[in-house]
Amino acid sequence: MEKNTIDLLVHNIGLLVTMQGKQEARTGKEMSNVGAIEKGAVAVRDGKIVAVGREEEVRAQIAGLAIEEELDAKGKLVTPGLIDPHTHLVHGGSREHELDLKLKGVSYLDILAQGGGILSTVRATRQATEEELFTKAKGSLDIMLLHGTTTVEAKSGYGLTLEDEIKQLRVAKKLNESHPVDLVSTFMGAHAVPLEYKERPSGYLDVVIQEMLPEVKRQGLAEFCDVFCEHGVFTVEQSRQILIAAKELGFGIKIHADEIEPMGGAQLAGELGCISAEHLLAASDEGFEAMQRAGTVAVCLPATSFNLRLKKHARARTMIEMGIPVALSTDYNPGSSPTESIQLVMTLGCLNLGMTPEEVITAVTINAAHAIGKANTIGSLEAGKQADLVIFNASNLAYLPYHFGINHVNTVIKNGNIVVF
Ligand code: NIG
Ligand code: FE
């Protein structure tokens, strides 16, 4: 029987950014439509939104029901919980020693080719116990939540053996079960060719396709499969083989495409119908056209280009004008993007990619939800969706990217519970 109480009423919201409107992935002018309501309120029961809108309308809708708890938003800005659709959350160690190499001008791919970079994190991850990985990743997830992130995609890819990949994915599963933040898991055994297969990369490809993918599927440890398609890592042809095998097993597919060199990764994403393609700094117009035709979401990672000191940025404006939905993400990882802050990414989305504050909030809510196949439950504030919302110490959207480098979060509500205040 339906409860006749409201668990939580968030009221006195100065500006309520609902993202109501089109629920498909948004592009073009639709990315500016954020469904903003002044003097708003949100009513929650059993972790879900039951009413959202102008406060007087919400109060009229729930009239007669007992309200267990009222939270005064004190005229501040409220948005849906932020979604980080691309992270390498679970890993061992850190790579601050690479900073010196980077300052000396050694490139990211050169560090990797010398056995450092991703491969140095592979060594640390293999050495770490499951408990150690859990503790470290939980620390990062806590930071993300403090910054307003309520759902995170997490990739494996620092184990590169069946056992170590599964170790990483199990940590993500345990975190999903025990932490307020929701996790969506992606298998990324094709993140690098491990040193033991350096002379025989095709042998590693066989392991990924024949052993890892079926076992990860059998254990139900990942929804998606991702590949690092890049010079010196996996070719377009190898990426195609892995992603086709993954698709046949029922995984959703993603690709790190055209990050540094133009490889044709974006074309492949469109050809195979990837749910998302990531990075895309060097993607061509033909690649964009293929993505647009397939409805692939572009996940831009401006903190990565910032941190790698690349002179280039993903052409977000072109993509938005061409009809590609754009999402933004931290790419949190110990090498190319050691930051958990989606708010920093929002600033870089504005300043480096030229996106407006409205486009940016769309990119970290409804479009980010689409990039991980979760837009039916999160990404906007609508009756029936999860009650994931953030109260910011701000009165308007532009203030978030404008006042940068600090945490604007006042309160985070996850599944109807106040988890940060
Ligand atoms: O998305 N590009 C490949 N993978 C990560 C970096 C991982 C690392 O450097 O450890 C990325 O940037
Ligand atoms: Fe990445």
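Which residues does UniProt list for "binding site"? The unreviewed entry lists His-86, His-88, His-256 and Asp-331, where UniProt positions are given in the numbering used here, feature names are shortened, and annotations may be inferred rather than shown by experiment. These residues span 246 residues in sequence, yet no two of their C-alpha atoms are more than 12.2 Å apart, so they gather at one spot.

Before going further, two conventions should be kept in mind. This is a predicted model, in which local features need pLDDT of at least 70 and side-chain atom pairs count only at pLDDT 80 or more, while totals for chains, interfaces and linings use all residues. Residues are numbered from 1 along each chain as its sequence is written, and chains are lettered from A and ligands numbered from 1 in the order in which they are written.

Two of the listed residues can be followed in more detail. His-88 has its place in the loop between strand 6 and helix 2 (98-103), helices (H or I, at least four residues) and strands (E, at least two) being DSSP runs numbered from the N terminus. His-88 counts as buried because it has 26 C-beta neighbours inside 10 Å; a residue is buried if 20 or more other C-beta atoms lie within 10 Å of its own, exposed if 12 or fewer, and partly exposed in between, with C-beta atoms placed from the backbone. Not counting residues up to four places away in sequence, His-88 touches Lys-155, Gly-157, Tyr-332 and Asn-333, where contact requires that the C-beta atoms of two residues, placed from the backbone, lie within 7 Å. Asp-331 sits in the loop between strand 13 (326-328) and helix 13 (342-351) and counts as buried, with 29 C-beta neighbours inside 10 Å. Leaving aside neighbours within four places in sequence, the contacts of Asp-331 include His-86, Thr-87, Ser-336 and Ser-337.

Ligand 1 has 13 residues around it, of which Ile-118, Phe-228, Asn-333, Gly-335 and Ser-336 come nearest; a residue is near a molecule if its C-beta atom, placed from the backbone, lies within 6 Å of it. By class, this shell around ligand 1 has 3 nonpolar, 8 polar and 2 charged residues, where Ala, Val, Leu, Ile, Met, Phe, Trp, Tyr, Cys and Pro count as nonpolar, Asp, Glu, Lys and Arg as charged, and the others, Gly among them, as polar.

At the level of the whole chain, the division is into domain 1 (5-80 + 380-420) and domain 2 (82-371), with bounds that come from an automatic or database domain assignment. The centres of domain 1 and domain 2, taken over C-alpha atoms, are separated by 29 Å, and 26 residues of domain 1 are in contact with 29 residues of domain 2. On the side of domain 1 that touches domain 2, the elements giving two or more residues are strand 5 (77-80), helix 16 (399-402), strand 15 and strand 16. The largest share of that side, 3 residues, comes from strand 15, and by class the side has 16 nonpolar, 7 polar and 3 charged residues. A separate record, the UniProt annotation "domain: Amidohydrolase-related" from the unreviewed entry, covers residues 77-419; the end C-alpha atoms of this span lie 17 Å apart, and the span is 43% helix and 17% strand.

Helix 5 (residues 130-146) has 17 residues and reaches 24 Å from its first C-alpha to its last, close to the expected 24 Å, which is 1.5 Å times one less than the number of residues. Among its buried residues are Leu-133, Ala-137, Leu-141 and Leu-145. The buried residues of helix 5 pack against strand 6 (82-84), strand 7 (149-155), helix 6 (162-178), strand 15 (409-414) and strand 16 (417-420). Helix 5 is followed by Gly-148, whose phi is positive, near 100 degrees.

Most residues other than glycine have a negative phi. Asp-46, although not a glycine, has a positive phi of about 50 degrees; it is found in the loop between strand 2 (36-45) and strand 3 (48-54) and is exposed, with 12 other C-beta atoms within 10 Å. Lys-74 also has a positive phi of about 50 degrees, lies in the loop between strand 4 (66-72) and strand 5, and counts as partly exposed, with 13 C-beta neighbours inside 10 Å.
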